[in-house]
Amino acid sequence: EYRSSSSFFTDSGSSLSASWTGIVGGSPVPDGNYRYAISATDGWGNPQGTKSGTFSVDTVAPSFDDAIVAALAAEPTPPPTFTPNGDKVGETIGFAYSTTEAGYVDVRVKDTDGATVRSFPARAAAGAGNVAWDGTDDDGAFVANGLYTVRLAPRDRAGNVGEGRDQAVAVYRSLSWVASSKTVFFPQDLDGYGKTTKFSFTLSA
């Protein structure tokens, strides 16, 4: 469905650049889809040239699904911990969301001092999705151990930004490369075979 609204621009020369505020008769037009048409004539009386297309007016910000927000609010403490240290285990942490419109989810990560260490947009379709943070800052370096607040905010294709939500996460990078010498052992049968397994790890400051 396309709405109609009358607004006229005139110009001369070999190119045309025009903008429209979405105001007609002193009032904003309703949200919806609109068509535009451009007509051009030259000074030699050649047939009129036309160009037409469509665009949307959208002034309503997207929002997150209340059910997911409520579920996050009910999560137990302490906050989830992940270990971005290059050992290929627990390198990222994901954040679930469900948004009412397609567009983007803007992610902003702040440390305990309130300083932003990482910000990035993630493309989002309408409905449920997940966005991940890999524990790096805006320069690509791993952040320090500690607590961080991750804010997600929905943004539609028109640039309207909805109410965001925060989630606390913990980063612990010191313990890495944890492995065991045996994945299966049998201490319970008392036969002297496979009684123990040995764990190895790297612990940094």
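**First stop: a pair of facing residues**

Select R151, whose bridge partner in β12 is D166. This is a predicted model, in which local features need pLDDT of at least 70 and side-chain atom pairs count only at pLDDT 80 or more, while totals for chains, interfaces and linings use all residues. Residues are numbered from 1 along each chain as its sequence is written, and side-chain values use heavy atoms, with hydrogens and water left out.

Now display the side chains of D166 and R151. They form a salt bridge, with the closest N and O atoms 2.7 Å apart; the term denotes a side-chain nitrogen of Lys or Arg within 4 Å of a carboxyl oxygen of Asp or Glu. D166 lies in strand β12 (residues 165–171) and R151 in strand β11, so the pair ties together parts that are 15 residues apart in sequence. Helices (H or I, at least four residues) and strands (E, at least two) are DSSP runs, numbered from the N terminus.

Are these two residues buried, partly exposed or exposed? D166 is partly exposed at 46% relative accessibility, and R151 is partly exposed at 36%. Buried means under 20% relative accessible area, exposed over 50%, and partly exposed in between (1.4 Å probe, protein chains only).

**Second stop: the sheet**

Select β6, β12, β11, β8 and β9 together. In that order, these 5 strands form an open sheet with mixed pairing. The edge strands are β6 and β9, each of which pairs on one side only. Two strands pair if DSSP finds at least two bridges between them. Strands of a sheet pair through backbone hydrogen bonds, either parallel or antiparallel.

Follow the sheet from one edge:

- β6 (residues 81–82) pairs with β12 in the parallel sense over 2 bridges; here F82 has V171 as its bridge partner in β12.
- β12 and β11 run antiparallel and are joined by 7 bridges.
- β11 and β8 pair in the antiparallel sense over 8 bridges; R108 stands opposite R151 in β11.

The structure holds 4 salt bridges. Select R155 and D106, whose side chains meet in one of them (2.8 Å, N to O). This pair links distant parts of the chain, with R155 in strand β11 (residues 146–156) and D106 in strand β8 (residues 103–110), 49 residues apart. R155 is partly exposed at 23% relative accessible area, and D106 is partly exposed at 23% as well.

Next, select D138 and R118. Their side chains meet in a salt bridge at 3.8 Å, N to O. D138 is in the loop between β10 (127–133) and β11, whereas R118 is in strand β9 (residues 116–124), and the two are 20 residues apart. D138 is partly exposed, at 48%, while R118 is buried, at 18%.

Select N85, in the loop between β6 and β7 (93–99). N85 is buried, with 15% relative accessibility. Which residues is N85 in contact with, leaving aside its neighbours within four places in sequence? They are E91, F142, R173, L175 and S176; contact means heavy atoms within 4.5 Å. The C-alpha atoms of N85 and R173 are separated by 5.3 Å, although these residues are 88 residues apart along the chain.

Show the surface and select Y172, L175, V178, F199 and L203, which make a nonpolar patch of about 510 Å². Patches are made of residues with over 30% relative accessible area and no salt bridge: like charges are joined within 9 Å, nonpolar side chains (Val, Leu, Ile, Met, Phe, Trp, Tyr) within 5 Å. β13 (175–180) and β14 (199–203) each supply at least two residues of the patch. L203, in strand β14, is exposed at 57% relative accessibility.

**Last stop: the whole chain**

Finally, display the entire protein chain, which contains 1 helix and 14 strands. Of its 205 residues, 23% count as buried. The chain exposes about 13900 Å², of which carbon and sulfur atoms supply 52%; accessible areas come from the Shrake-Rupley method with a 1.4 Å probe, and for residues only the protein chains shown count as cover.
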